[in-house]
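Here is a short briefing on one protein. Look over the sequence and the 3D structure first, then work through the points below.

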Amino acid sequence: MKRLNDGIKWTLVAVLFAGLTAVPAMAEKTTPATGKNSAVPAVPRAIPDLLPYHKFDPPKSKLFDISKLTISGDLRVRPEFRNNTTFGARKANTFFVQQWARLGFNYSISPDVTFFFQPQYSKNWGVNNVADANGTGGTIFARQGFLLVRNFLVPNLTVKAGRQLVVWGNHRMFGHFDWNNVGWAHDGLTMNYKISKSTTLQVGWLRTADRRDCPSPTSGGCINTAPANLPDGTPNPRAPGIGTDDGNVVYVRAPMKVAGVVLEPTYIWHDGGTGGNINAPRPMNQSRHTVGGRAVKKFAAGSARVDATLEGYYQFGEIGMGTGAKDMDVEAFAFHFDAGVTLPVPMQPRLSAEFNAASGNKDDGKWRSFDQLYPTNHIHFGYMDRMSWKNMNHLAFGLQMRPNADSHFEVTGHLFSKQEATDGWYHAGQGAIIAGAGGANSTSTDLGEEIDVVYTHFFTPGNHVAWQIGGGVFLPGEFVDDNRGGSASEQTWGYTQLWVNF
């Protein structure tokens with residue numbers, strides 16, 4: 001199985017790299033080679049030196065054309081509060097203000113070649129001098145930076161290389177996660193090939209972690225004396241032989257439209273993310289295959305409009321407890337179905353219902369926890385972000401409407417439970433709210449109910465400025481109550497945000 005996994009991974013990576021090496025051939029300029037002499041003088045940076053480095057005065061580029069540059073922007077400010085964050089008798093509360101600002105620089109080198117760079121400033125108000133963007137303390141970092149080449153070697157083939165967003169369907173496996181103050185971005189190579197008007201083939205290789213190979217305390221010059229376990233007894237991701245494998249994601253998709261139905265068959269292989277603990281989001285030391293996809297159908301029923309979505313995945317492979325051996329088989333699944341009807345009356349009300357399920361671990365010698373990769377969970381399982389697509393059953397009913405052309409209103413009710421009583425309860429970030437097995441004090445699967453209300457108002461022509469206000473309440477179920485000493489109480493949450501984009 002390992003040889004098969006490595007063969008699939010590196011064959012696809014080799015194909016992507018082989019295509020990338022031909023990018024200079026797409027440039028409008030030619031190399032100094034002539035018909036009489038095929039030898040090209042060595043160039044220190046290994047590409048045609050059309051704009052030499054300066055020794056003193058910076059050169060004026062003859063290649064730059066201001067008419068080929070477009071600039072985009074995004075700014076959001078969001079105050080947010082959450083009361084009773086732990087559902088306990090001691091009602092821990094929190095309040096903060098998040099902000100991010102982005103500028104996107106898009107330069108068309110030629111009709112088929114585009115360079116894009118998007119820096120982002122992200123912080124929490126009142127928190128300064130923190131270098132980690134994921135802590136939203138305050139920093140500037142590259143959210144996107146890629147080269148895109150259309151009609152690459154053959155017509156209808158587009159290649160994108162660099163840091164980029166990967167967004168599929170309705171964000172259940174890959175999304176931009178823009179609710180977060182940082183969001184998801186990925187480093188890698190992706191290709192889109194337009195097979196026909198209704199079918200596209202997508203292939204990608206994403207690099208999620210780059211680690212030193214250090215299988216033993218002293219191997220190949222590596223010196224690693226880190227302890228095998230952390231103080232809490234969990235495997236230490238820095239220990240010899242643990243977490244030394246590089247992280248990769250390889251995927252193949254074929255979005256298509258058949259008989260009015262949008263189909264998105266998908267295959268994903270990945271060998272681990274950054275989580276040192278096997279219960280962490282995207283744990284290391286695994287080789288996991290995911291097969292499945294999404295189907296969407298929209299149609300008219302009289303004067304009403306009906307929409308339905310079906311999405312599901314099955315995962316198999318091998319995973320280990322943080323040591324070098326992958327000693328457990330992976331068998332996991334996730335399923336989603338939703339449907340809605342939009343009525344032909346004022347305010348266009350849409351009534352919707354949906355069901356979600358995902359497997360969790362049970363004591364049978366197999367690893368059944370579903371790995372959701374990089375989703376935008378905020379839009380799926382309740383706006384309070386108390387649930388991910390992992391060890392769960394979820395039933396929801398909603399009402400959405402347009403009070404006028406410049407506004408949108410929605411109210412949704414959710415019912416949550418665990419699929420496996422012995423596994424934990426996982427929030428939208430896929431980390432545990434209450435751990436399973438020995439960490440839980442209940443055999444119940446009842447997690448509780450949530451009600452969300454959100455109102456959005458759009459300003460200016462084109463909706464470039466908008467204001468939103470929303471809130472929710474989570475009523476804990478028996479599992480939560482048992483783990484809070486029989487005295488769990490409701491959690492409340494709310495926010496308002498203003499954003500502009502151009």
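**Strands side by side**

Strand 3 and strand 4 (residues 139-149) run antiparallel, and ten bridges join them. The model is predicted.

- Strand 3 (residues 113-124) also has ten bridges to strand 2 (residues 94-110).
- Strand 2 and strand 3 run antiparallel too.
- What do strand 2 and strand 3 form? They form a hairpin, with two residues between them.
- Asparagine 106 has its bridge partner in strand 3, and that partner is phenylalanine 116.

**The whole protein**

- The secondary structure comes to two helices and 23 strands.
- The protein has 502 residues, and 44% of them count as buried.
- Take the contacts between residues at least 6 apart in sequence: 61% of these join residues at least 24 apart.

**The largest pocket**

- The largest pocket has a volume of about 1300 Å³.
- The pocket is lined by 42 residues.
- Which of the lining residues are the closest to the centre of the largest pocket? They are Asn170, Ile379, Tyr383, His408 and Glu410.
- The lining divides into 17 polar, 13 charged and twelve nonpolar residues.

**Two loop residues with positive phi**

- Asparagine 151 is in the loop between strand 4 and strand 5 (157-164).
- Phi of asparagine 151 is near 50°, a positive value in a residue other than glycine.
- Glutamine 348 lies in another loop, the one between strand 15 (328-342) and strand 16 (350-358).
- Phi of glutamine 348 is near 45°, again positive in a residue other than glycine.
- Glutamine 348 has a relative accessible area of 44%, so this residue is partly exposed as well.

**Confidence in the model**

- The pLDDT averages 86 over the protein.
- A pLDDT of at least 70 is reached by 79% of the residues.
- Over residues 20-29 the pLDDT stays under 50. The model has 18 contacts beyond four places in sequence for this stretch.
- Residues 216-221 also have a pLDDT below 50. Beyond near neighbours in sequence, residues 216-221 have five contacts in the model.

Notes:
Residues numbered from 1 in each chain as written. Predicted model: local features only at pLDDT ≥ 70, side-chain atom pairs only at ≥ 80, totals over all residues. Heavy atoms only, no water. pLDDT = per-residue confidence, 0-100. Contact = heavy atoms within 4.5 Å. 1 Å grid on protein atoms, 1.4 Å probe; cavity = no way out; pocket = protein on both sides within 12 Å on 5 of 7 lines; lining within 4 Å. Points joined across faces, edges and corners; volume = space filled by probe spheres on them. Nonpolar A, V, L, I, M, F, W, Y, C, P; charged D, E, K, R; others polar. Pairing = 2+ DSSP bridges. Helix = DSSP H or I, 4+ residues; strand = E, 2+ residues; numbered from the N terminus. Buried < 20%, exposed > 50% of the residue type's maximum accessible area, 1.4 Å probe, protein only.
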